[in-house]
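Me: I would like to go through the labels attached to this model and see what each one rests on. Please set each value against its cut-off.

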Amino acid sequence: MTPADAVAAARAVAGRLHEDVVARERANRPPRAEIQLLRGSGLLAADPDDLETTHLVTRIIAASDASIGHLLGYHYTHLWRARLYDNADLARRLRQDVRAEGLFVASVSNPRDTIVATTTADTFTVSGRGAFATGCAVADRILVGAIRDDQESRIVVVVPGDADGLSHPPDWDNLGQRLTASGSIVLRDVTAGPADVLGTFPPGEDETSPRWQQLSLVSLAFQTVLTQILVGITEGALDEAARYTREQSRPWPASGLARAVDDPHVLAGYGELAASLHAARLLADDATRALAKADRRGLDLTPAERGRTALTVSAAKVVATRLAVEATSRIFELTGGRATTRSSGLDRFWRDARTLTVHDPVAYKARELGTHLLTGNPPPTTAYS
């Protein structure tokens, strides 16, 4: 699938998702039909190393349905990061299976999870519970981050989505991102072998080693994808609100105007949001390009280059976060009281934005930027930065 084909497919899928997004989001069912739609479109098989294309595709989908954009963006990121680990054969095989069968890939690897891999004679078993296992309940393959019982390192294991011992408690009933299947996952003695291990993180080297630097891009990749999703949510909210204003909003009596679209306050409000959205979109794309550039450096990536990439990503995340929350709330000032009905569906944008923006506190991203401005120190390398 060429980049142009991927973008065209994304626009077609986004149009289909938009047709019934309000009803689907309200029903809050596992997104199996939506994954099948992505599979049929060929989007699951897009080149995960083409970050600029996959991030654009993610944003296009997220503008119509933020949950499905989230699932797709993470799918691409899991496939992209698979090749950074030790087991090149497994990473290659996973990608081949995705292309051939249209598999959907998810992961459970929250650093707060307590999932343990216990070594046996020839294999090991994985047990524990993971929270916020986005997409795992509908995944064909799951990347599991687990702590080795015989050492302090974490390994990443690939298991089938229907493996014996896997279960998904029906505990995802959140304010927003309702179709991401982001509830918990329980693993009870899930069997895996050495060939199922993608690799170890952190590797047995210090933070200045080439392998460590390369693997540390994974956290930045997730932050960049989340930034693109937030921009997509803002795009979708602004487009839908503008349509509502054109077609349904009534002018406020005190304005003395016949149409809401002629109200200077409404016009200025949309103009301010449009300008801010343009800036956020540019910053998000800048973050994607920075990540792609760092990725191309491979094992030659230096700590200084990694630090500059992190600052670029943090800047985009801060702006996209603030705008998503502001814009998805402010649109109600521009559409009017009748737009608050459940049937309008405009509330889903704020609920999705608010849910995603507390994924990890953006204040810590702002602190990284402030620290660098005042001291010159780069951001620390963590699971979130």
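Reply: Buried means under 20% relative accessible area, exposed over 50%, and partly exposed in between, with a 1.4 Å probe and protein chains only. The model is predicted: local features need pLDDT of at least 70, side-chain atom pairs count only at pLDDT 80 or more, and totals for chains, interfaces and linings use all residues. Residues are numbered from 1 along each chain as its sequence is written, and side-chain values use heavy atoms, with hydrogens and water left out.

Me: What makes H4 largely enclosed by the rest of the structure?
Reply: Helix H4 covers residues 51-64; helices (H or I, at least four residues) are DSSP runs, numbered from the N terminus. Of its 14 residues, 12 are buried, so H4 counts as largely enclosed. Among them are Leu 51, His 55, Arg 59 and Ser 64.

Me: Why is H5 called largely enclosed?
Reply: For helix H5, 17 of the 17 residues are buried, so the rest of the structure largely encloses it.

Me: Why is Leu 373 called exposed?
Reply: Leu 373, in helix H12 (residues 363-375), has a relative accessibility of 70% and therefore counts as exposed. Its C-alpha atom is separated by 43 Å from that of Ala 12, 361 residues apart along the chain.

Me: Which label does Leu 283 get, and why?
Reply: Leu 283 is found in helix H9. Its relative accessible area is 28%, so Leu 283 is partly exposed. From Ala 23, Leu 283 is 260 residues apart in sequence and 33 Å apart in space, C-alpha to C-alpha.

Me: How do you know that the span of H9 agrees with its number of residues?
Reply: The expected span of a helix is 1.5 Å times one less than its number of residues. Helix H9 (residues 264-297) has 34 residues and should span 50 Å; its end C-alpha atoms are 50 Å apart, so the two agree. H5 (residues 66-82) reaches 24 Å from its first C-alpha to its last, close to the 24 Å expected.

Me: What caps the N-terminal end of H9?
Reply: Asp 263 does: a side-chain oxygen lies 2.8 Å from the backbone nitrogen of His 265. A polar contact is a pair of N or O atoms within 3.5 Å; within protein, one must be able to donate a hydrogen and the other to accept it, and residues adjacent in sequence count only if both atoms are side-chain atoms. At the start of H5, a side-chain oxygen of Asp 65 comes to within 3.1 Å of the backbone nitrogen of Ser 67. After H9 comes Gly 298, with a positive phi near 55 degrees.

Me: Why are H8 and H9 called roughly antiparallel?
Reply: Angles under 35 degrees count as roughly parallel, over 145 as roughly antiparallel, 65 to 115 as roughly perpendicular and the rest as oblique. The axes of helix H8 (residues 217-247) and H9 come within 10 Å and cross at roughly 155 degrees. H8 and H9 are therefore roughly antiparallel.

Me: What makes H8 roughly parallel to H10?
Reply: H8 and helix H10 (residues 303-335) pack at about 20 degrees, with axes 8 Å apart. That angle makes H8 roughly parallel to H10.

Me: How are H1 and H3 arranged?
Reply: Helix H1 (residues 3-19) and helix H3 (residues 32-41) pack at about 155 degrees, with axes 10 Å apart. That makes H1 roughly antiparallel to H3.

Technical notes:
Helix = DSSP H or I, 4+ residues; strand = E, 2+ residues; numbered from the N terminus. Axes fitted to C-alpha atoms, helices over the stretch in contact; angles between N-to-C directions.
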